[in-house]
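Biologist: I have a chain open here and would like to go through a few parts of it. Can you take my questions as they come?

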Amino acid sequence: MLSAVAYIVESSVIFAVLINFYKYACYRQTYYKWDRFLLIACIVICYALPFCKISEDESNTKTETEPVSITGIALGENSHTITLSRQTTFATIAKNALHSPTFHTLLFILMIAYIVCAAIKAVSVLSALLKILRLRRGKPETIDNGIKIYTADSRTPAFSFFDNVFVNKAFCNLDSRSQETILNHERQHIRGRHSIDIIIFAILSIVQWFNPAVKKAAALSRQICENIADSSATEGDKKDYALLLLKLGSNNPKPSSTETDTEGSIKSRVLNIYSYDSAQNRKIRFACSLPILLLLIICYLIIGGKMSTKNKDGLEFPIKGGYTLAAEYFEDRICTIKDGRKYYVSHPETAFYVPENTVIVAPITGTATSANDNEIAITSGDTTITIKYISLVSKSKTVTLGQEIGRATTLPLSIKTEIKNKAIDPAIIFNY
């Protein structure tokens, strides 16, 4: 669940950054077709980028020391107060906090709220789609080269959805030249398959219902599609087409939320009709902004990879079921007495409190050796994992990944992980 929540949040943040970059670097450019595909690419990038993090070997991660004073430690015949400098890593501390029961309960509540709100948004999108489908109940009055034309009661004189064009009474009252101009505009939408863009951003609005950047991106997409259609429809007289847009906009001051022609978009469309290739300063701004975006992406890939904790290939955490972490850190300590003497104490095992009879499985596929009835060591290559204080079920010499090897006892479970005969923190290679 934690991975799912992290993925949703990361993809949303990435999409917001990309859209704001587009708004700054590409806004008012006149390469409309490129702009259209760039917006779609932003969606692909935001969902693909979290899978591309550059990770490093966490076993070499530097540790920091945290002093802790403990009284009543017996060293020889006398008791002393000693200071332990225990080694900790940010990854271990963060992992223990993120896997606490309280945090999991919060994640569960957030996921339920997310699913409920997404379902409500999905119902809204489906109702808008059904509204369009209901307009197709009647027979089309005209079929123009495979394009079906329906009469609908809408505020927009004409709009299209896939290969269907819907016109209202205001359209019928226009002169034949204006009607042909509007139909030519809608033909460009159909040929360009702009309805696919609407569907894509409708789905995105369900998945990222909480992200304000989605609404901004959807509006930009609609505007770009309108500009593409306008640029094809104005191959004749731009002035007449601009006047037609202004006339239609004045007759429709308050369009419905499902229609694309707002007062602002009409103004922008008229300005774009008379626009030429992008100004030199806009090109320079885009060229200067692109390296910054690439630098941000590279930093995200590297830093995100270092912060992520992934299982080592072929490893599985041996405990199935609930457990409470008994040791928050891998104990590797230097003990200092008040008189200055130092003692090195190595405790390379990590203890876990687990319910009695909890199933314990083999964390790796390898050769198993048992020192006694409550300890098993499994070796595969340069990795050895020793599990103590379990009631062994299987005493075979070879075990496979995920095979049940024992049950938990009343004592805390002890796990010792060694790679190349060096004890390491189990948190580095296990997700728990």
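Biologist: How do β15 and β17 pair, and over how many bridges?
Modeller: This is a predicted model. In it, β15 and strand β17, which covers residues 404–408, are antiparallel partners over 3 bridges.

Biologist: Which residue is the bridge partner of I390 in β17?
Modeller: A408 is the bridge partner of I390.

Biologist: What is the strand order in that sheet?
Modeller: The order is β11-β17-β15, an open sheet of 3 strands with antiparallel pairing. β11 (359–361) and β15 (390–392) each have a single partner strand, so one side of each has no neighbour in the sheet. Neighbouring strands are turned against each other by 40° on average, direction ignored.

Biologist: What do strands of a sheet pair through, in general?
Modeller: Strands pair through backbone hydrogen bonds, in either a parallel or an antiparallel way.

Biologist: Changing topic, to helix α7. What is its span from first C-alpha to last?
Modeller: Helix α7 takes in residues 194–207, 14 residues, and spans 21 Å between those C-alpha atoms. That is close to the 20 Å expected at 1.5 Å a residue.

Biologist: Which residues of α7 are buried?
Modeller: The buried ones are H194, S195, D197, F201, A202, L204, S205 and I206.

Biologist: Take H194, then. Why does H194 count as buried?
Modeller: Its relative accessibility is 4%, and buried means under 20%.

Biologist: What is H194 in contact with, neighbours within four places in sequence aside?
Modeller: With those left out, H194 is in contact with R36, Q188, H189, C225 and I228.

Biologist: H189 is on that list. Which side chain does the side chain of H189 join in a polar contact?
Modeller: The side chain of E226, at 3.4 Å. E226 lies in helix α8, which runs over residues 212–233.

Biologist: Is E226 buried or exposed?
Modeller: E226 counts as buried, because its relative accessibility is 9%.

Biologist: Now the whole chain. How many helices and strands are there?
Modeller: There are 11 helices and 19 strands. The chain has 432 residues, and 39% of them are buried.

Biologist: What about the accessible surface?
Modeller: The accessible surface is about 24700 Å², with 59% of that belonging to carbon and sulfur atoms.

Biologist: And among contacts between residues at least 6 apart in sequence, what share joins residues at least 24 apart?
Modeller: The share is 67%.

Definitions and conventions: Residues are numbered from 1 along each chain as its sequence is written. This is a predicted model: local features need pLDDT of at least 70, side-chain atom pairs count only at pLDDT 80 or more; totals for chains, interfaces and linings use all residues. Side-chain values use heavy atoms; hydrogens and water are left out. Helices (H or I, at least four residues) and strands (E, at least two) are DSSP runs, numbered from the N terminus. Buried means under 20% relative accessible area, exposed over 50%, partly exposed in between (1.4 Å probe, protein chains only). A polar contact is a pair of N or O atoms within 3.5 Å; within protein, one must be able to donate a hydrogen and the other to accept it, and residues adjacent in sequence count only if both atoms are side-chain atoms. The expected span of a helix is 1.5 Å times one less than its number of residues. Two strands pair if DSSP finds at least two bridges between them. Axes are lines fitted to C-alpha atoms, for helices over the stretch in contact, and angles run from 0 to 180 degrees between N-to-C directions. Contact means heavy atoms within 4.5 Å. Accessible areas come from the Shrake-Rupley method with a 1.4 Å probe; for residues, only the protein chains shown count as cover.
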